[in-house]
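Visitor: I would like to go through this protein with you. Could we take it one topic at a time?

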Amino acid sequence: MKILKKLVLGLLLLASSLSAEMTNVVVTPAFIKDTKLKIIDIRTEGEWKETGIVQGAYTITFFDERGNYDIDGFLAQLNAVVKKDEKFALICRTGSRTGMVSNFLGNKLNYNVVNLKGGMMKLLREGFNPEVYTPKKK
């Protein structure tokens, strides 16, 4: 009986991990232009002001300027923008933060997430013209 329970639990865990997906895509201006995915920019407000943002991106900070994070706060904001099974993309400055966050969201929480490798810096080097960041009034 114990073996059967372990087998069923293992199959359930495997099935739930198959429904989630974490993908890496090297970001390009063409990808940004053509994508239908919602893009979540996880950088800080200072970074958004410095370089601008992808037009239509949702600005939801994950790590603050000191490297601290609030997972519950981030997930609350994320869940207001995307459905759990909806495929979406994450972007940051160079792709290192989104690599960690994408892994966490996809592999631990079963989101269907795309990590935009290279981030905003790669886009800017390739001539991407970002939108000026305008803070939303609270």
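Predicted model: local features only at pLDDT ≥ 70, side-chain atom pairs only at ≥ 80, totals over all residues.

Visitor: What is the order of the strands in the open sheet?
Guide: The order of the 5 strands is 1-5-4-2-3, and the pairing is parallel. Strands here are DSSP runs of E with at least two residues, helices are runs of H or I with at least four, and both are numbered from the N terminus. Two strands pair if DSSP finds at least two bridges between them.

Visitor: And which are the edge strands?
Guide: They are strand 1 and strand 3, each of which pairs on one side only.

Visitor: What holds paired strands together, in general?
Guide: Strands of a sheet pair through backbone hydrogen bonds, either parallel or antiparallel.

Visitor: How many bridges join strand 2 and strand 4?
Guide: Strand 2, residues 38-41, pairs with strand 4 over 4 bridges in the parallel sense. Within this pairing, Asp 41 stands opposite Ile 91 of strand 4. Strand 4 also pairs with strand 5, again parallel and over 4 bridges, and there Lys 87 is opposite Asn 112 of strand 5.

Visitor: What about strand 2 and strand 3, how many bridges there?
Guide: Those two strands are parallel and share 2 bridges. The partner of Asp 41 in strand 3 is Thr 59. Strand 2, helix 3 and strand 3 form a right-handed β-α-β unit. Right-handed means that, with the strands pointing away from the viewer, the path from the first strand over the helix to the second runs clockwise.

Visitor: Is Thr 59 buried or exposed?
Guide: Thr 59 has a relative accessible area of 18%, so it is buried. Buried means under 20% relative accessible area, exposed means over 50%, and partly exposed lies in between, using a 1.4 Å probe and protein chains only. Leaving aside neighbours within four places in sequence, Thr 59 is in contact (heavy atoms within 4.5 Å) with Asp 41, Trp 48, Ile 53, Tyr 133 and Lys 136.

Visitor: Where is Ile 53, then?
Guide: Ile 53 is in the loop between helix 3 and strand 3, which spans residues 58-59. Ile 53 is buried, at 5% relative accessible area. Not counting residues up to four places away in sequence, its contacts include Trp 48, Met 120 and Pro 130.

Visitor: Changing topic: how many salt bridges does the structure hold?
Guide: The structure holds 6 salt bridges. A salt bridge is a side-chain nitrogen of Lys or Arg within 4 Å of a carboxyl oxygen of Asp or Glu. One of them joins Arg 97 and Glu 47, with an N to O distance of 2.7 Å. Arg 97 lies in helix 5 and Glu 47 in helix 3, so this pair ties together parts that are 50 residues apart in sequence. Both residues, Arg 97 and Glu 47, are buried.

Visitor: Which residue forms a salt bridge with Glu 86?
Guide: Lys 38 does, and the closest N and O atoms are 3.4 Å apart. Glu 86 lies in the loop between helix 4 and strand 4, and Lys 38 in strand 2, so the pair ties together parts 48 residues apart in sequence. Glu 86 is partly exposed at 21% relative accessibility, and Lys 38 is partly exposed at 26%.

Visitor: Back to helix 5: which of its residues are buried?
Guide: They are Arg 97, Thr 98, Gly 99, Val 101, Ser 102, Leu 105 and Gly 106. Among the elements covering these buried residues are strand 1, helix 3 and helix 4.

Visitor: How far apart are the end C-alpha atoms of helix 5?
Guide: They are 18 Å apart, which agrees with the 18 Å that its 13 residues should span at 1.5 Å a residue. The expected span is 1.5 Å times one less than the number of residues. Asn 110, which follows helix 5, has a positive phi, near 65°.

Terms used:
Residues numbered from 1 in each chain as written. Heavy atoms only, no water.
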